Amino acid sequence: MKASFVSSGLFRVNAQKKSLDVWLIYKCSICDTTWNLTVLSRVNPSSIHPETLRKFLANDSALALHYATDIPLIKKNGGEPGCPIVEIEGERVDMKEPVRIQLIAEQPVGIKVLTILRNQLGLSRSEINRLYDSGRIRCVSGQEIKKYKLTGEIVIEIE
């Protein structure tokens with residue numbers, strides 16, 4: 001079983017000679033193990049905007065969230081982004097009745113909408129693909145959701 005790590009929202013800034021390293025510190029959700037996500041490596045401090053450097057040093061929460069949701073950066077560091085935490089409001093979805101589902105991501109999560117739906121509805125990959133292929137799942141705004149990654153807000157109808 002792979003360990004699940006969660007961003008602590010804290011940066012580690014290390015100066016070595018004339019270069020800086022910056023990491024975002026992650027903590028294991030089960031134990032005290034940490035994992036450092038490399039944000040900057042061996043950069044000249046003068047190449048970092050002073051306000052950005054100040055935010056690193058102050059553990060700015062918005063900046064930490066930005067890097068914690070940077071899927072390409074996480075993958076570049078060897079991490080595997082997981083499915084985001086999804087809050088469900090309203091009644092349990094009954095697949096026998098038409099339903100409208102609104103997905104909202106405050107930050108781009110880089111995960112396909114069908115994957116999020118599949119996980120939340122407890123469906124297999126083949127079941128969600130069958131619903132999609134038959135036209136029973138569609139995006140209200142007409143977006144092609146087969147490959148669409150959640151980046152903001154999307155409304156899905158299931159018939």
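Start by selecting Glu144, which sits in the loop between β5 and β6. Helices (H or I, at least four residues) and strands (E, at least two) are DSSP runs, numbered from the N terminus. Glu144 is partly exposed, at 48% relative accessibility; buried means under 20% relative accessible area, exposed over 50%, and partly exposed in between (1.4 Å probe, protein chains only). Show its side chain: it reaches the backbone nitrogen of Lys146 at 3.2 Å.

The model is predicted, so local features need pLDDT of at least 70 and side-chain atom pairs count only at pLDDT 80 or more, while totals for chains, interfaces and linings use all residues. Residues are numbered from 1 along each chain as its sequence is written, and side-chain values use heavy atoms, with hydrogens and water left out.

**The whole chain**

Zoom out and colour by pLDDT, the predictor's confidence in each residue, from 0 to 100. The protein chain averages 85, and 87% of the residues score at least 70.

Switch to a cartoon view to see 5 helices and 6 strands. From the N terminus on, their order is β-β-β-α-α-α-β-α-α-β-β. Of the 159 residues in the protein chain, 31% are buried. Contact here means heavy atoms within 4.5 Å. Of the contacts with a separation of 6 or more, 50% are between residues 24 or more positions apart.

**Helix α2**

Select residues 61–68, which form helix α2. Which residues of α2 are buried? They are Leu63, Ala64, Tyr67 and Ala68. These residues are on the same side of α2 because they cover an arc of only 135° around the axis, the arc being that of the directions from the helix axis to the C-beta atoms. Turn to the face away from the buried side to find the exposed residues Ser61 and Ala62.

Next, show what surrounds the buried side of α2. Its buried residues pack against β1 (5–16), β2 (19–28), β3 (34–43), α1 (50–57) and α3 (71–76). Then select Asp60, which caps the N-terminal end of α2: one of its side-chain oxygens lies 3.3 Å from the backbone nitrogen of Ala62.

**Two cysteines**

A disulfide is a covalent bond between the sulfur atoms of two cysteines. The rule used here asks for a pair of cysteine sulfur atoms within 2.5 Å, and the count comes to 0 disulfides. Select Cys28: it is in no disulfide, and the nearest cysteine sulfur, that of Cys31, is 3.6 Å away. Cys31 is likewise in no disulfide. Cys28 is buried, with a relative accessible area of 8%, whereas Cys31 is partly exposed at 36%.

**The nonpolar cores**

In soluble globular proteins, nonpolar side chains tend to be buried together. A nonpolar core is a set of buried Ala, Val, Leu, Ile, Met, Phe, Trp, Tyr and Cys residues joined through side-chain atoms within 4.5 Å.

Select Leu103, Val113, Leu117, Ile137, Ile145, Ile154 and Ile156, which touch the most other members of the largest nonpolar core, a set of 21 residues. The elements that give two or more residues to this core are β4, α4 (113–121), α5 (125–133), β5 (137–139) and β6 (153–158). The largest share, 5 residues, comes from α4.

Centre on Leu117. Leaving aside its neighbours within four places in sequence, Leu117 is in contact with Ile101, Leu103, Ile128, Ile137 and Ile156. Apart from this core lies another, of 14 residues, including Val22, Val39, Ile71 and Leu73.

**Arg100 and Glu157**

Select Glu157 in strand β6 and Arg100 in strand β4. Glu157 is buried, with a relative accessible area of 19%, whereas Arg100 is exposed at 54%. What distance separates their side chains in the polar contact that joins them? The distance is 2.6 Å; a polar contact is a pair of N or O atoms within 3.5 Å, where within protein one must be able to donate a hydrogen and the other to accept it, and residues adjacent in sequence count only if both atoms are side-chain atoms.

Leaving aside neighbours within four places in sequence, Glu157 is in contact with Val99, Arg100, Arg136, Ile137, Arg138 and Val140. With the same exclusion, Arg100 is in contact with Val140, Val155, Ile156 and Glu157. Last, select Ile158: Arg100 and Ile158 are 58 residues apart in sequence and 6.4 Å apart in space, C-alpha to C-alpha.
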